[in-house]
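Dear colleague,

I am passing on a structure for you to look through, and below it I have set out what was found. Please keep it open beside this message as you read.

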Amino acid sequence: MGAYSHIDGSLPPPSYAVVSGQDPRFCKHVHDNVHGNIYIDPLSLKFIDTEQFQRLRELKQLGFTNMVYPGAVHSRFEHSLGVYWLAGQCVEKLHTYQGVELDIDRFDIQTVKLAGLLHDVGHGPFSHLFEREFLPLVINGSDWSHEQMSVNMVDYIVDEHRIDVDSQMIKRVKDMILASSESAPPRSSSGKSFLYDIVANGRNGIDVDKFDYIARDCRACGLGCNFEFQRLLETMWVLDDEICYRAKDYLTIHKMFATRADLYRTVYTHPKVKAIELMIVDALVQANSYLEISSNIHDPSQYWKLDDTIVKTIETSASQELKEARELILRIRRRNLYQFCNEYPVPKDMLDNFKKVTAQDIVCSQKSGGVTLKEEDLAVCNVKIDLTRGKHNPLESIHFFKDYESNEKFTIPDERVSHLLPTSYQDMIVKVYAKKPELVQAISEAFENFQLKTYGIKAQAHATPQKKRRYNPIL
């Protein structure tokens, strides 16, 4: 993907200083491999130059995906800089085209840029594995979220480093970070609600966070990306306090959601990636009581010390209490992974009443005779892949406009665009793994029996390959 914005190394145009209130000569200049030259204003730099923000360098954006896609070693640090830059680009373009009408001022611009910069400052290790898979196993009813921790961390950084920043600005930054989460505060009654849709869009899912990670992840994994976020940044328009898009950009927006779903299917939930993640979760659970990994998740002063290097801590420890966790890490290093047995998509007519499949379901489906399976012999992943709105079409919540002369906004039904667009917007994939290679045969058969018992058919696309079933420890 080509660099975006000022790739010739020149300073940004004079309008940059007028809009942002910052002379680029006094901004920090960083060259990003996705967006080109990025200019960081002095206030944002005060947050960046803290140990809490620098921690993001030790958090890989895609966790252990680099074990399958070797180029995917980029961090949340560079992603956060990218979102900072795109958030600034977005609000500055709106200021240029509608600044007087929307009353966008320098305060608004700085607030949106800070929200973009700090939106992931409280993120956990190993992508989303930490909060979605590890914490629920060690804390009953865990409702911890990286968005809420990011908000807590912002307060901690301001206090710890005595950063001189307007308290109202910080309050709005935190509200923008939470805008798409379950903890989202009520929309401001004072207007400018559209500003809260730039970084984390809880209204329809189109935001600069996605713009950056889709482009960055595709580039890092060596995949093509035909979604052009620049087109949307250039043509968006605010109507009735909501960011709207040209009707002719319908398919561009659809490509964004489709590309994201494709990344989930081919990269984020790749069978080998999930196998490694399952092993890491088991290792973290084994190590938790000794290392107290989950004990400081609500204390920013201690939480910022937790990052991806916890794996190296386990791996190099001589402690007997970490023996089982250490052995799992060693298996990953030696590529002796949990064995992927098979997967199936839940039939479309069963999605509404789908109940997560458990290891117990598979064990209870084995026929008598042969190896007797136990729940701890296998792992089950229930992977949901959607277009950000579950079973609903996200484009139904997006408003479009005809041209810049019109003040009317409207939605566009799929059938008015193309009959080739999908009619289903959600997949649920059930994946099963054997923790020991000699159990692949027995677990695969039990998995097939479970499908027959539950759906009356084998929902999987094909049988588990015989090569996997025939385990020979000598080979």
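Strands (DSSP runs of E, at least two residues) and helices (DSSP runs of H or I, at least four residues) are numbered from the N terminus, and two strands pair if DSSP finds at least two bridges between them. The model is a predicted one, in which local features need pLDDT of at least 70 and side-chain atom pairs count only at pLDDT 80 or more, while totals for chains, interfaces and linings use all residues. Residues are numbered from 1 along each chain as its sequence is written, and side-chain values use heavy atoms, with hydrogens and water left out.

Trp 237 stands opposite Cys 244 in E4, and E3 and strand E4 (residues 242-246) run antiparallel, joined by 3 bridges. The open sheet holds 3 strands in the order E3-E4-E7, with mixed pairing; its edge strands, each pairing on one side only, are E3 (237-239) and E7 (400-401). Helix H4 (residues 76-102) packs on this sheet and touches E3 and E4 (contact means heavy atoms within 4.5 Å), and its direction makes about 20° with that of E3, where axes are lines fitted to C-alpha atoms, for helices over the stretch in contact, and angles run from 0 to 180 degrees between N-to-C directions.

H4 also packs with helix H9 (residues 208-221), at an angle of about 130° and with their axes 9 Å apart. The contact includes Leu 86 and Cys 90 of H4, and Phe 211 and Arg 216 of H9.

Best wishes
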